[in-house]
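Work through the following exercises with the sequence and the 3D structure open. Each task is followed by a solution in steps.

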Amino acid sequence: MHFVQLTAEHAMRIAGLEAIHSGYEITPEIAVELEAIGGTAAVDGDDVLAIAGVLPRWQGVGMAWAWLGLGWRRHARVITDAVRASLDVSPYDRVEAGVRCDYARGHAWMQRLGFELETPLARRWGPDGADYSIYRRLK
């Protein structure tokens, strides 16, 4: 498994999606946008296991995002370490991330990445209308 600069092709080839992403589809248009934003893909042979990055919000603040494929857990420790290292050298003083309130694994991952819970319940915050918790990571 290795990490490469994210391309639209990687976004389109992610190997299935974790159940938390159900209802979301990476369309060709979204894939092109993700490539333009920039990010990283975790690749194992022909499989794209995960894609992630940080979207700029405003000066000094970014919003972390990730799409996790079904096979990412085989390499969860390596992927988590790489994401944490990337956040450590990010140009942002503050990085935010949202996790659906009902996604326990996502909350645990945020803690492993060094995020702190800031808003436990943001009602209808997500694009799916679900309640989310908002995390932040400060330098």
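A residue is called buried under 20% relative accessible area, exposed over 50%, and partly exposed in between (1.4 Å probe, protein chains only). The model is predicted, so local features need pLDDT of at least 70 and side-chain atom pairs count only at pLDDT 80 or more, while totals for chains, interfaces and linings use all residues. Residues are numbered from 1 along each chain as its sequence is written, and side-chain values use heavy atoms, with hydrogens and water left out.

**Exercise 1. Find how many salt bridges the whole structure has, and describe the one between Arg-57 and Glu-96.**

Step 1. A salt bridge requires a side-chain nitrogen of Lys or Arg within 4 Å of a carboxyl oxygen of Asp or Glu. Side chains of opposite charge can pair when their charged atoms come close.

Step 2. The search of the whole structure gives 11 salt bridges.

Step 3. In one of them, the side chains of Arg-57 and Glu-96 meet at 2.3 Å, N to O. This pair links distant parts of the chain: Arg-57 is in strand β3 (residues 47-58) and Glu-96 in strand β5 (residues 94-100), 39 residues apart.

Step 4. Arg-57 has a relative accessible area of 37% and is partly exposed. Glu-96, at 9%, counts as buried.

**Exercise 2. List what surrounds Glu-96.**

Step 1. Contact means heavy atoms within 4.5 Å. Leaving aside neighbours within four places in sequence, Glu-96 is in contact with Arg-57, Val-61, Gly-62, Met-63, Ala-64, Phe-115, Tyr-135 and Arg-136.

Step 2. For polar contacts, count pairs of N or O atoms within 3.5 Å; within protein, one must be able to donate a hydrogen and the other to accept it, and residues adjacent in sequence count only if both atoms are side-chain atoms. The side chain of Glu-96 has such a contact with the side chain of Arg-94, at 2.8 Å.

Step 3. Salt bridges link Arg-57, Arg-94, Glu-96, Glu-116, Glu-118 and Arg-136 in a network.

**Exercise 3. Describe the salt bridges of Arg-136 with Glu-116 and of Arg-123 with Asp-131.**

Step 1. The closest N and O atoms of Arg-136 and Glu-116 are 3.5 Å apart. Arg-136 sits in strand β7 (residues 132-138) and Glu-116 in strand β6 (residues 116-122), and this pair, 20 residues apart, links distant parts of the chain.

Step 2. Arg-136 counts as buried at 18% relative accessibility, whereas Glu-116 counts as partly exposed at 45%.

Step 3. For Arg-123 and Asp-131, the closest N and O atoms are 3.1 Å apart. Arg-123 is exposed, at 58%, and Asp-131 is partly exposed, at 25%.

**Exercise 4. Identify the residues with the most contacts inside the largest nonpolar core.**

Step 1. A nonpolar core is a set of buried Ala, Val, Leu, Ile, Met, Phe, Trp, Tyr and Cys residues joined through side-chain atoms within 4.5 Å.

Step 2. The largest core has 19 residues, and those with the most contacts inside it are Trp-72, Ile-79, Leu-87, Trp-109, Met-110, Leu-113 and Phe-115. At least two residues of this core come from each of β3, α3 (76-88), β5 and α4 (104-112).

Step 3. Another core lies apart from it, with 13 residues, including Leu-6, Ala-11, Ala-31 and Trp-67.

**Exercise 5. Decide whether Ala-41 is buried or exposed, and name its contacts.**

Step 1. Ala-41 is in strand β2 (residues 40-44). With a relative accessible area of 0%, Ala-41 is buried.

Step 2. Leaving aside neighbours within four places in sequence, Ala-41 is in contact with His-2, Phe-3, Val-4, Leu-6, His-10, Val-48, Ala-50 and Ile-51.

Step 3. Ala-41 and Gln-5 are 36 residues apart in sequence, with a C-alpha to C-alpha distance of 6.2 Å.

Terms used:
Helices (H or I, at least four residues) and strands (E, at least two) are DSSP runs, numbered from the N terminus.
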